[in-house]
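Please look through the notes below with the structure open beside you.

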Amino acid sequence: AKSTAMSSSSSSRCSFDFTPPRDLSELVAMLHDVLKGDTADVDHVKAIMESYQSQEDDWARYAHFDKNRYTRHLIDRGNGKFNLILLCWSEGQGSSIHDHPDSHCFMKILDGQLHETTYDWPQKGAPIQSKATRPLKRDSVAYINDSLGLHRVENGSHTDTAASL
């Protein structure tokens, strides 16, 4: 969510009053609403994304898999505050280690399973160090920004594809 300041709720057990989106178009509308101002709550955005239950019929028209690399397909430009992009991961594909300069990355797993490895920012002259690796299963949501470090995402399966927002 570029240009939007994010904060995190003080309690790890936050409760937000909203009706979960029934489909992808309702998710997009809810994201437009929650990200319309100059600030947004990370936990609120994450709760909205977690509440959307992936339905392949919602996003299949955007999906295009390439055996040579993962692909990115714009679903919505947001309201100048975010881009909603479908990423299609063929078997064994992964991103490079990367950051999200001046932005926040929420990743919703729509299909399959991905693995995210997080890294500390490298110190001058020292090798990059991984912090953690975790599986991301269907309908889970991950979040990262530059204050948390870098990450790499991969589809470790050699038989199944994966899709994420």
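1. The structure holds two aromatic pairs, where rings of Phe, Tyr and Trp (its six-membered ring) pair if their centres lie within 6.5 Å, and planes under 30 degrees apart count as stacked, over 60 as edge-to-face and the rest as tilted. Y70 and W89 form a stacked pair, at 4.4 Å centre to centre with 20° between the planes. Because Y70 lies in the loop between α3 (56-59) and β3 (71-76) and W89 in strand β4, this pair ties together parts that are 19 residues apart in sequence; helices (H or I, at least four residues) and strands (E, at least two) are DSSP runs, numbered from the N terminus.

2. This is a predicted model, in which local features need pLDDT of at least 70, side-chain atom pairs count only at pLDDT 80 or more, and totals for chains, interfaces and linings use all residues. Residues are numbered from 1 along each chain as its sequence is written, and side-chain values use heavy atoms, with hydrogens and water left out.

3. Y70 counts as partly exposed at 23% relative accessibility, whereas W89 is buried, with a relative accessible area of 2%; buried means under 20% relative accessible area, exposed over 50%, and partly exposed in between (1.4 Å probe, protein chains only).

4. The rings of F106 and Y143 have their centres 4.8 Å apart and their planes at 45°, so this pair is tilted. F106 and Y143 are both buried.

5. The count of disulfides comes to zero, a disulfide being a pair of cysteine sulfur atoms within 2.5 Å. For C88, the nearest cysteine sulfur is that of C105, 15 Å away.
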